[in-house]
Amino acid sequence: SADFAGPRAVVAIGDYALDCHALVRDGVLEADGSAALGGERSSLNDFAGLECESWAATRSALVKLLSPGSELDPTRGGPDRYLLRRTDLRMHLPVSIGDYTDFYSSIDHARNVGAMFR
């Protein structure tokens, strides 16, 4: 978070952080699932709870937004209001953890761990 904002989703890009919250708020980032990065959320729990297709769609949309020739391309005069200096930000715990975490939450993980003991 910066002085002007509470916790929000950002993507690190070099010395900067792309403000996903502002991109969603301004309608610039509209990929399936990206709405879970906007609003007054204090964690990424809603986004983490989505299907992997939503994560992939959001990632693809972010890559497109950052590609040369996009509306955010600084060489084309794209707005830099979505880029925050990382030195001006304070890191937060990205997810809210309940009082129990099940490390065997997926069949894949359970199989991998089981294979280690065989």
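**Salt bridges, core and pocket of the predicted model**

Arg8 has a relative accessibility of 22% and is therefore classed as partly exposed; residues are called buried under 20% relative accessible area, exposed over 50%, and partly exposed in between, with a 1.4 Å probe and protein chains only. The structure is a predicted model, in which local features need pLDDT of at least 70 and side-chain atom pairs count only at pLDDT 80 or more, while totals for chains, interfaces and linings use all residues. Residues are numbered from 1 along each chain as its sequence is written, and side-chain values rest on heavy atoms, with hydrogens and water left out.

The protein chain contains four helices and three strands, these being DSSP runs (helices, H or I, of at least four residues; strands, E, of at least two) numbered from the N terminus. Along the sequence, the elements follow the order β-β-α-α-α-β-α. Of the 118 residues in the protein chain, 29% are buried. Where contacts (heavy atoms within 4.5 Å) join residues at least 6 apart in sequence, 55% of them connect residues at least 24 apart.

Four salt bridges were found in a search of the whole structure, a salt bridge being a side-chain nitrogen of Lys or Arg within 4 Å of a carboxyl oxygen of Asp or Glu. Side chains of opposite charge can pair when their charged atoms come close. In one of the four, the side chains of Arg8 and Asp19 meet with an N to O distance of 2.6 Å. This pair links distant parts of the chain, 11 residues apart: Asp19 belongs to strand β2 (residues 16-19), and Arg8 to the segment before β1 (10-13). Asp19 has a relative accessible area of 2% and is therefore buried.

Asp26 takes part in two further pairings. With Arg25, Asp26 forms a salt bridge in which the closest N and O atoms are 2.9 Å apart. Arg25 counts as exposed because its relative accessibility is 53%, and Asp26, at 35%, counts as partly exposed. Arg81 also bridges to Asp26, the closest N and O atoms lying 3.9 Å apart. Here the partners are 55 residues apart and again link distant parts of the chain, with Arg81 in the loop between α3 and β3 (83-85) and Asp26 in the loop between α1 and α2 (45-48). Arg81 is exposed, at a relative accessible area of 54%. Through shared partners, the salt bridges join Arg25, Asp26 and Arg81 into one network.

In soluble globular proteins, nonpolar side chains tend to be buried together. In the model, the largest nonpolar core comprises 15 residues, of which Leu23, Leu29, Leu37, Leu62, Leu65 and Tyr82 touch the most other members. Helices α1 (20-25) and α3 each supply at least two residues of this core, and α1 gives the most, with four residues. Such a core is a set of buried Ala, Val, Leu, Ile, Met, Phe, Trp, Tyr and Cys residues joined through side-chain atoms within 4.5 Å. Residues up to four places away in sequence aside, Leu23 touches Leu18, Val28, Leu29, Leu62, Leu65, Leu72 and Tyr82.

His21 is located in helix α1 and, with a relative accessibility of 8%, counts as buried. Beyond four places in sequence, the residues that His21 touches are Arg8, Ala9, Leu37, Gly38, Gly39 and Glu40. Ser54 lies in helix α3 (residues 52-66) and is likewise buried, at 8% relative accessibility. Apart from neighbours within four places in sequence, Ser54 contacts Asp32 and Gly33. Gly33 is also among the contacts of Leu50, which, on the same exclusion of neighbours, include Ala36 and Trp55. Leu50 occupies the loop between α2 and α3 and is partly exposed, with a relative accessible area of 27%.

The largest pocket holds about 430 Å³ of space. Of its 24 lining residues, Arg8, Ala9, Val10, Met91 and His92 are the closest to the centre. On a 1 Å grid over the protein atoms alone, a cavity is a set of points where a 1.4 Å probe fits but cannot get out, whereas a pocket is an open set with protein on both sides within 12 Å along at least five of seven lines; lining residues have an atom within 4 Å of a point. Grid points are joined across faces, edges and corners, and the volume is the space filled by probe spheres set on the points. Strand β1 provides the largest share of the lining, three residues. By class, the lining has 13 nonpolar, seven polar and four charged residues, where Ala, Val, Leu, Ile, Met, Phe, Trp, Tyr, Cys and Pro count as nonpolar, Asp, Glu, Lys and Arg as charged, and the others, Gly among them, as polar.
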